Amino acid sequence: MDSFYFEERKNQFLELHRNEKSARKLFFSLTEIYDELSIQDDDNLKEAFFLEFIPYLFPVLNMYSAFGVEPNKTQKIINTIKKFYEFISVSDSSEIIKSNIDRIENEINILKSVLDGNKVKGNLSFPVIEKSQKSEEVFGAVEYLRISINLNKKKNKVEFIITPSLPHIDEKLQTQIETSWNYSVNLLKNKFHKFTPNLEVTIQFIKKLGIYEGDSLGAVLTIGFIQELFKYYELREVLDFDNDIMITGSMNENGNIYEVGKKIIDAKSKIAFFSSAEKFLVPLKDFNSAQTKINELIKNYPSRNLELFPIKNINDILNRRDVVKIEKQNFIKWGSKKLLKNKLAVIFISLLIFGRLGYDYFNTDDNPFKIENYKESYIIKNSKNEILWTKNAPYYDKIYKILDTNYSYSLTKYARIFDIDDDGKNEVLLTYAEDLAPLILFNSKGEEIWRYFHIDSIETMNEKFTGHFGISGIIDTVHNRNIKEVIINFQHNNYYPNGIMKLNLRTGKPVS
């Protein structure tokens, strides 16, 4: 094979890349080329084409997970990529590629442990099938939900926020979300007499695999809603899982679970088998097909513990203590937590009052100096390490470090402190590291000065990306003729178009 052959292979891949939406199909196709390239004797040829394909490797490698795929297949792919380690080191993305390889190999080890009969505790997941325009092969993955419920202070209605935000929501998915929510709310209303008409419900797809379609996540969505409603209303009852559970099947308003069909349940059974799930809940009418597929796969992995459960109605899940636990908390412990919460609220209010009164006497330091991130909040502190104010921020698992004015930590990508107008008081600039997040500037008191959403339209010969772009990071600040400016980067939700923008720090208006 010579350079002409690999040039042709490159053109074939680029054609696939223009039309294919399945990240796994692209990943497997690209690594097939790397496999051919790895056995060549010409190091110059190998290096040239390896580096040429890196811009296409990085995004699909970043999205890839070993769960849902036979581990030997994934290991073979990783071994192929590792053959190019000497060329990876000269790439700008070398550290990211190597960290992804380490992550995937760790997932392979966990998966092999599960296939050997070991258990993983307490996750709730559902199988996802990726559509491929260029292949009859089914590409599957494991997805997880994170649901949060808060009071909707702006509107007297229930609002659903889906992250990553989608350009459009599939009609079946939208209907299923509403059906699952109404069923969950009615259950809480009838059983516990709890009802709040104005709530903000955030549904976060953890793996962010793309645009989701269909209604087969109905059952898992309902269980997730009920679990979070128990927490929101601070009930003594707690819904939890002892085992890693995977569920598939859509659900109607009466809680009945619909079948997904033989072809789909075969694919989803394979995904469940090569996941960390110990229990796989499937619609009753799909049970026999799923059992046949699992029996076929278990011949090669006889130690795999995957128990199938047929479900006809959502109550088949809620009423089985070998699937979900619904237990009452110890009364004293539960009551103490509620009392402690109220006590802390009183203490917090008292501290605010005394802090305000003491300002006149002790010249309190109210100038922002440090930012910390804890769970879902940015905490703004002064130079004495005292909390000045907090701002809610969506959970983001890479933000844990502390930022102070020397900008020595990674949180500077999402938050900055500086004195914009040279009045001796520091302003705070925040973004939230989530899709469609704005950039917001606050004054020293935590009052919003301006917020910036990036709206753009980017076109190629084949596609058009319009609408909101999320602010994905703060790059730097510059002085331009006594005007302070901030350079940010933004990215289209779900896809890869991204850009760099300069804003006027005083006004939040684009400069260039």
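**Confidence, sheet and cavity in a predicted model**

Author: In this predicted model, strand E15 (residues 402-404) has the lowest confidence of the protein chain, at a mean of 42, and strand E8 (residues 257-258) the highest, at 96. The scale is pLDDT, the predictor's confidence in each residue, from 0 to 100; strands (E, at least two residues) and helices (H or I, at least four) are DSSP runs, numbered from the N terminus. Residues are numbered from 1 along each chain as its sequence is written. Local features need pLDDT of at least 70, side-chain atom pairs count only at pLDDT 80 or more, totals for chains, interfaces and linings use all residues, and side-chain values use heavy atoms, without hydrogens and water.

Reader: What is the pLDDT over residues 395-409?

Author: Over residues 395-409 the pLDDT is below 50. Where pLDDT is low, predicted coordinates should not be read in detail.

Reader: Why is one side of strand E3 and of strand E10 left without a neighbour in the sheet?

Author: The open sheet has 7 strands in the order E3-E4-E2-E1-E6-E9-E10, with mixed pairing. Strands pair if DSSP finds at least two bridges between them. E3 (159-163) and E10 (307-311) each have a single partner strand, so they stand at the edges.

Reader: What makes E2 and E4 a pair?

Author: E2 (residues 139-151) and E4 (residues 199-205) share 7 bridges in the antiparallel sense, and the criterion is at least two. E2 and E4 therefore pair.

Reader: Which classes of residue line the largest cavity?

Author: Its lining has 6 nonpolar, no polar and 2 charged residues. Among the lining residues are Phe27, Met63 and Glu130.

Conventions:
On a 1 Å grid over the protein atoms alone, a cavity is a set of points where a 1.4 Å probe fits but cannot get out, and a pocket is an open set with protein on both sides within 12 Å along at least five of seven lines; lining residues have an atom within 4 Å of a point. Ala, Val, Leu, Ile, Met, Phe, Trp, Tyr, Cys and Pro count as nonpolar, Asp, Glu, Lys and Arg as charged, and the others, Gly among them, as polar. Contact means heavy atoms within 4.5 Å.
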